[in-house]
Amino acid sequence: MKRKKDQWAFHLMMTPGMILLLIFSFVPMIGIIMAFQNYVPAKGIFGSNWVGLANFKFMLQIPDSKRIFLNTIVIAVWKIIANTIVTIFFALLLNEIRVRRAKKIIQTIVYLPNFLSWVVLATVISNLFSYGGSINSFLQFLGLQPILFMASNTWFRPLLIITDVWKGFGYGAIIYLAALTGIDPGLYEAASIEGAGRIKKMIHITIPGILPTIMLITAMNLPNILNAGFDQVFNLYNPLVMETADIIDTYVYRVGLLGRQYSLGTAVGLLKSVVGITLMLLANKLAQVLTDYRIF
Amino acid sequence: MVHNKSLSGILADILIWVIILLMTLSCLLPLLNMIAVSFSDNASATANLVGIFPVNFTLSSYQAIINEMQFWRSFMISVLRVLLGLSINIPLLILTAYPISKSPKVFGAQKVYMRLVLFAMLFSGGLIPVFMVVNNLNLVNTIWALILPGAVPLGNVILLMNAFRGVPKTLEEASQIDGANQWQILFRIFLPVVKPTLAAVALFTIVSHWNDYFSALVYITKTANYPLQTYIQQLNVDITQVTNPEKLKELALTSSKTLNSAKIVVSVVPLMIIYPFLQRYFVAGIVVGSLKE
């Protein structure tokens with residue numbers, strides 16, 4: 001029921017949050033017009049010259065932009081695919097383990113990397129994959145040549161993808177494990193009586209049981225096609241692998257902010273935002289159609 | 001469940017255990033290595049002789065950290081930031097999530113606010129415009145620059161909103177009849193019910209403030225005022241600026257690996273302290289928040 005005095009209480013509660021959103025979310029949106037200007041800090045947003053779509057045209061001409069968009073999409077798509085597969089694989093296997101105590105300990109360990117920052121993990125990873133690091137020692141043990149992973153345009157992207165999966169698979173599995181506990185145990189019992197083996201049960205009961213979750217998570221990942229993971233790339237890349245590792249976000253930071261090319265940086269950021277929001281709306285529709293679930 | 005005792009069943013069991021253990025060890029060993037390096041002597045560490053146990057055990061790296069004033073200064077800045085961040089994020093989170101959890105029948109303007117929240121969540125001016133706002137407000141080089149731009153963590157707002165929506169309506173209706181106003185209903189009825197989600201959200205907030213290095217990179221120009229993660233990030237910069245492969249090999253050999261490892265270990269200790277609590281609540285937190293009925 002709607003009560004008059006409640007309305008005021010609600011508005012009052014919303015006020016502080018809305019003021020902060022206004023200042024730090026909505027006002028910056030005005031800054032987007034810099035993307036259509038030749039922004040000069042001394043002249044400010046209202047004094048700078050309008051250039052229409054020149055920044056976007058320039059963006060399409062420079063070789064950098066093709067590289068960063070391509071890198072972003074390639075890295076992000078591989079991350080989404082690898083993450084989804086490994087996470088589900090891990091959840092399914094962990095679900096087969098019946099020793100509760102062991103399961104608990106395993107979960108405690110695999111959730112851990114998710115809570116460590118990329119700053120910390122970058123140090124761990126660069127030690128591990130360094131020229132004399134453990135991975136290379138292992139390769140030499142197998143009789144292979146050591147590889148400069150961190151400086152190789154061939155190896156750097158796989159390194160990004162593998163370490164991203166490594167950080168997230170345990171934590172990502174939580175949602176699937178929750179879905180797995182939701183499956184009716186009676187189905188398994190019935191299948192056992194019918195003589196179905198483990199694999200059969202997995203194909204006919206477990207996978208269909210978590211399929212809505214899989215579809216939902218995949219739909220929610222769609223907007224991430226342009227998020228290749230700034231923190232990870234930023235903390236691991238170096239000039240030697242710029243060719244394959246430079247992504248939109250690192251470019252905006254380096255060229256736009258540090259290089260003070262505000263207009264260009266904003267234009268690139270805007271393009272990314274627009275694509276992102278479109279994909280988000282699409283994902284929401286998709287999730288609704290596929291699983292009857294609204295993300296928002 | 002009936003156990004299949006056939007040979008192939010046992011083999012499958014073994015295979016599952018082996019794969020799971022390998023994946024688990026892959027998460028554990030690199031971290032153990034980092035700890036072992038921090039307790040080893042520099043010569044063994046740079047020669048890559050350290051596995052998961054320290055070689056030539058020494059506390060010298062930790063003794064060296066004790067005297068590094070900048071490390072502790074950054075450490076304290078991070079602590080201060082977490083405390084300030086929590087005390088600003090949590091009240092804002094509660095006050096924003098509660099009204100938008102109501103149906104438009106109860107709160108007439110709910111739809112408008114909900115749209116604003118979603119719009120702010122989906123669309124952002126981007127790094128550079130936000131930087132310019134912070135700059136114009138003269139917040140650069142203050143701790144507020146690290147806290148205020150993200151003062152209303154929208155993802156967590158949605159999480160908490162869903163938790164509020166899960167509170168039985170009858171509870172609220174009963175207290176309305178008793179004449180309670182919305183503030184009383186929020187604090188006396190809703191908050192106690194959503195405690196687990198609130199705990200999860202608070203812990204996420206602590207972790208994200210503690211782990212954030214990037215805000216300070218953008219908003220703090222005096223390196224003396226860097227929080228801990230940014231301080232540690234700067235230790236890595238030497239390596240990321242290298243332009244030729246030979247130099248990269250060289251740096252790996254000469255860098256103060258044990259000292260840096262010890263710094264990282266100390267920086268992770270606070271997270272390890274809250275990790276048991278974190279683990280208790282985050283499962284409930286994310287499952288409730290993302291899989292609402």
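Chain B of this predicted model is divided into domain 1 (7-58) and domain 2 (66-290). The C-alpha centres of these two domains of chain B lie 32 Å apart. Chain B also meets chain A, with 82 residues of chain A in contact with 81 residues of chain B.

**Between the domains of chain B**
- Eight residues of domain 1 of chain B are in contact with seven residues of domain 2 of chain B.
- On the domain 1 side of this contact, α1 (7-38) and α2 (42-46) of chain B each supply at least two residues, and α1(B) gives the most, with four residues.
- By class, that side of domain 1 has four nonpolar, four polar and no charged residues.

**Between the chains**
- Looking at the side of chain A that touches chain B, the largest share, 19 residues, comes from α1(A).
- That side of chain A has 53 nonpolar, 23 polar and six charged residues.

**A look at helix α5 of chain B**
- Helix α5(B) has 13 residues (110-122), which at 1.5 Å a residue should span 18 Å; this agrees with its end C-alpha atoms, 18 Å apart.
- Within α5(B), the buried residues include B:Tyr113, B:Val117 and B:Ala120. They cover an arc of only 65° around the axis, which puts them on the same side of α5(B).
- An α-helix has 3.6 residues a turn, so residues three or four places apart point the same way.
- Turned away from the buried side, the other face of α5(B) carries exposed B:Lys111 and B:Arg115.
- Among the elements covering the buried residues of α5(B) are α1 (4-30) of chain A, and α4 (69-100) and α8 (154-165) of chain B.

Conventions. Residues are numbered from 1 along each chain as its sequence is written. Chains are lettered from A and ligands numbered from 1 in the order in which they are written. This is a predicted model: local features need pLDDT of at least 70, side-chain atom pairs count only at pLDDT 80 or more; totals for chains, interfaces and linings use all residues. The expected span of a helix is 1.5 Å times one less than its number of residues. A residue is buried if 20 or more other C-beta atoms lie within 10 Å of its own, exposed if 12 or fewer, and partly exposed in between; C-beta atoms are placed from the backbone. The arc is that of the directions from the helix axis to the C-beta atoms. Two residues are in contact if their C-beta atoms, placed from the backbone, lie within 7 Å. Ala, Val, Leu, Ile, Met, Phe, Trp, Tyr, Cys and Pro count as nonpolar, Asp, Glu, Lys and Arg as charged, and the others, Gly among them, as polar. Domain bounds come from an automatic or database domain assignment.
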